[in-house]
Amino acid sequence: MAAFDNLSSPALEITNNRIVPSQKILSALRRNQVCTKPIFLVKTDNLKKSIMQLEPVRDVYIRRFWFPARLQIIIIERTPLITISPDINVPPIAFFSADGKLIGRDYMPLSPDFKTVKVITYGSGDDYRNWDKAKVNNFKKLAATVEMDSGETVEYIDYRNPKDVYVKIPTVNIRLGSFNAGTFDKIHRIPSLLPQVKMLNKKVKYIDLRWDTNYIKLDE
């Protein structure tokens, strides 16, 4: 079908895709048998099925127009929630969507327009490939709670050791220990500690919230 020859074809319009490159969508369309019918008579079920195989695509709408004859492909993508990186200084290699779908390197990097939570993990101890939607949402909740109580943006969550988790905000590192249901109560202590950190003339290594008694660890 001439519409699928290239992306500049006037008979094909692809819209609303911010994660999936248009070329990948075109390649998915090309997997279908060439149709000799006029484009406005083309059945779209198989075309939709091919595009839906692309992991970031949550839904797709295909509209046919008689004049000028063309197909309009409207892509509905999954919403990125958290990104995964093996190290603090390494760009993310994958992301989880809001519905818990893990999407890999083929669709990275994401546009900076997406507001996601960066999670640093080696995958050892708690393999992120096994995380479910609830786990992903807990990381989002963790970042949101820290941001609300600190008034600062979370730069990343360091989950390389699941039993010793850190959250980095611009002012300081926050040491939480294990990430569990009690973690959120610990975070509510941050507003009373941040002013002390900011008044110190010494470099602070982290705020330690692991215990009942909080303390500020100086960088020796």
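**View 1. Asp126 and Tyr159 meet through their side chains.** In this predicted model, the side chains of Asp126 and Tyr159 make a polar contact at 2.6 Å. A polar contact is a pair of N or O atoms within 3.5 Å; within protein, one must be able to donate a hydrogen and the other to accept it, and residues adjacent in sequence count only if both atoms are side-chain atoms. Local features need pLDDT of at least 70, side-chain atom pairs count only at pLDDT 80 or more, and totals for chains, interfaces and linings use all residues. Residues are numbered from 1 along each chain as its sequence is written, and side-chain values use heavy atoms, with hydrogens and water left out.

**View 2. Here are the surroundings of Asp126.** Look for Asp126 in the loop between strand E7 (117-120) and helix H3 (133-150); helices (H or I, at least four residues) and strands (E, at least two) are DSSP runs, numbered from the N terminus. Is Asp126 buried or exposed? Asp126 is buried, because its relative accessible area is 19% and buried means under 20% (exposed is over 50%, partly exposed in between; 1.4 Å probe, protein chains only). Setting aside neighbours within four places in sequence, Asp126 is in contact with Thr121, Trp131, Lys135, Tyr159 and Pro162, where contact means heavy atoms within 4.5 Å.

**View 3. Step back to see the protein chain around this spot.** Five helices and twelve strands make up its secondary structure. Of the 220 residues of the protein chain, 47% count as buried. Along its principal axes, the C-alpha trace spans about 75 × 30 × 25 Å.
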